[in-house]
Amino acid sequence: MGKHVLLVEDEANIIEAIRFLLSREGWEVDTHSDGATAVETIRARRPDLLVLDHMLPGKSGLDILTELRADPDFQKLPVLMLTARGQARDREQAEKAGVSRFMTKPFSNTEVITAVRDLVQLAQ
Amino acid sequence: MMREALTGTRIRDRRIMVGTKQSELARQIGISASYLNLIEHNRRRIGGKLLLDIAGALGVELSALTTGAEAALVATLREAGSGAAMPEADLDRAEDFAGRFPGWADALALSHRKRAALEHTVKVLSDRLAHDPELAASVHEVLSTAAAIRSTASILAEDKDLSPEWRDRFHANIDADSRRLADSSKTLVGFLDVESGEAAVTGTPQEEVEAFLTDHDYSFAALEAGGADIAALINDALQLTSVAARHIARGVLERMVADSARVSLGDLSGAVQELGLDPPALAARFRVSVPCIMRRLAAMPGQGYGLVVSDRAGSLLFRKGVEGFVIPRYGPACPLWPLFQALGSPGQVLYQRVRMPGRQDAMFDCFAATETTGHVALNTPPLMQSTMLVVPIPTAGKGSGPDPIDVGPACRICPVADCAGRREPSILSDGF
């Protein structure tokens, strides 16, 4: 498995922090901020891991995930969803849509790095 | 035993107040002390000459014995009974009940008043819940900013080998995010701060504009006179804290100036006296659109008319509320409002009497009409806005005029049970 992660997130400073963290871990980090065009970008860039925000402009992370999982090429793509919506119902919806790991904001850097490592191991 | 019931209590209170013994008063009016005792304890009806004699003996007007604070008590009891779907025959015995069991009556009335206060609180909180989308966005903003700060701060604290360039960059990010967090926290508190009063709760640009207009009573005399500086008005408005709110307020004020140039409030007042509250006739008189005349009617000081403007997507662009006519701050309003019916009949002026459910079932005459806005271009769909004037019907006028239709504020906070227009269950029907 390669080390290419796509971060779909609309908060510029979260993008910068996560990009820094994962780059330091040896990941090649791509970013994308618009929900409406996220699926096209994911299909075009074909990352090894997707870090996906829940609330995005244009289309929600949940809708993006549902659309991806309907595509056989992306059914096994590890997806870490970041969200400010941490209620049990939100987690259930994300799991139903096929999320690999669900993480509520504000998260710690260690949690993000550990989750990414775990997802990579599981995918191998 | 009806109103006379409490008369006994009033007689007893007055007699004690003037220091006359029961036996003495009985002797003066020619009845036995035991019979007067029954009267004073509301166990015997009283009226006519005997009541006049008692009033004379006690040196008070007759009305002092037949009306008083008890009327309010009886009204409260009737309201409590009505709320419990008590038959009219039983409601008519409220005064009897108050007379026979004054302590219980007071307790029931107190309980009813507390219930009414709680209902009001529930209504306010329900309204808050109805704001979910904005609330969710506000919470999301706070948590996302906190996430950015936490992540960036951890990098700064833990990475000792961070280059000066990255360190400076992250410091700048934290500085910017901490400012954002302060602003978004204030917004969030504004949403949740029910205690400080609804008028003080702002949070969205639309609410800021409403607070601004409400503080001016939706009336700007200087603008009407044509001598005011809109930019200065907006800059001086403490309520308009966001760029979006100032933008919306500018649009509202500019339209107000344009409308006032076409129809002065003085001329309109005279025309209303002549033609009555007839928006199409008034619009024809001034050669303006019906929505324009409705905006001017709503701007007339002291009239208390409400105004709602919507676009074709159902977004409420302008809200001037009227007591009893609940206009939701967020989300779609009741689809039965004439405001939305008018969108389906451009060019037609709709008139409909409506009844809004609530503790007083307030009624309103609503006039609604649609007009196109923006530029007209070939093969471009016109932008439409619907405007609805809301005229309160005084209690005395409820019995006359056309039959009203029942409308609500918004499904989520509407108690009407059987409604073809219902989009979602009401939270008021499940235990509220």
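This is a predicted model: local features need pLDDT of at least 70, side-chain atom pairs count only at pLDDT 80 or more; totals for chains, interfaces and linings use all residues.
**Where chain B meets chain A**

Asp159(B) and Arg24(A) are paired in a salt bridge, with their closest N and O atoms 2.6 Å apart. In general, side chains of opposite charge can pair when their charged atoms come close. Across the interface of chain B and chain A, three salt bridges are found.

On the side of chain B that touches chain A, the elements giving two or more residues are helix H10 (132-158) and helix H11 (164-192) of chain B. Of these, H10(B) gives the most, with 13 residues. Sorted by class, this side of chain B has nine nonpolar, six polar and six charged residues.

The extent of the interface can be described next. The contact draws 21 residues from chain B and 17 residues from chain A. In chain B, the residues that lose the most area to chain A are His140(B), Leu143(B) and Arg150(B), which together make up 29% of what that side buries. The size of an interface is often given as the accessible area lost when the parts come together. For chain B and chain A, the buried area is about 1800 Å², and carbon and sulfur atoms give 58% of it.

Salt bridges can also be followed through the whole model, where the count over all chains comes to 28. One of them joins the side chains of Glu141(B) and Arg180(B), at 3.3 Å from N to O. Because Glu141(B) lies in helix H10 of chain B and Arg180(B) in helix H11 of chain B, this pair ties together parts that are 39 residues apart in sequence.

The model holds two cavities of 30 Å³ or more, and the largest cavity has a volume of about 70 Å³. Its lining includes Cys334(B), Pro335(B) and Leu336(B), along with Asp406(B), Val407(B) and Gly408(B). Further lining residues of the largest cavity include Cys411(B), Cys414(B), Cys419(B) and Arg422(B). By class, the lining divides into nine nonpolar residues, one polar residue and two charged residues.

Lys105(A) and Pro106(A) are joined by a cis peptide bond, with omega about -5°. Pro106(A) sits in the loop between strand S5 (101-104) and helix H5 (109-123) of chain A. The other detail concerns Arg46(A), a residue other than glycine whose phi is positive, near 45°. Arg46(A) is placed in the loop between helix H2 (38-45) and strand S3 (49-53) of chain A.

Terms used. Residues are numbered from 1 along each chain as its sequence is written. Chains are lettered from A and ligands numbered from 1 in the order in which they are written. Side-chain values use heavy atoms; hydrogens and water are left out. On a 1 Å grid over the protein atoms alone, a cavity is a set of points where a 1.4 Å probe fits but cannot get out, and a pocket is an open set with protein on both sides within 12 Å along at least five of seven lines; lining residues have an atom within 4 Å of a point. Grid points are joined across faces, edges and corners, and a volume is the space filled by probe spheres set on the points. Ala, Val, Leu, Ile, Met, Phe, Trp, Tyr, Cys and Pro count as nonpolar, Asp, Glu, Lys and Arg as charged, and the others, Gly among them, as polar. Contact means heavy atoms within 4.5 Å. Buried area is the accessible area (1.4 Å probe) that two parts lose on being put together, summed over both. A salt bridge is a side-chain nitrogen of Lys or Arg within 4 Å of a carboxyl oxygen of Asp or Glu. Helices (H or I, at least four residues) and strands (E, at least two) are DSSP runs, numbered from the N terminus.
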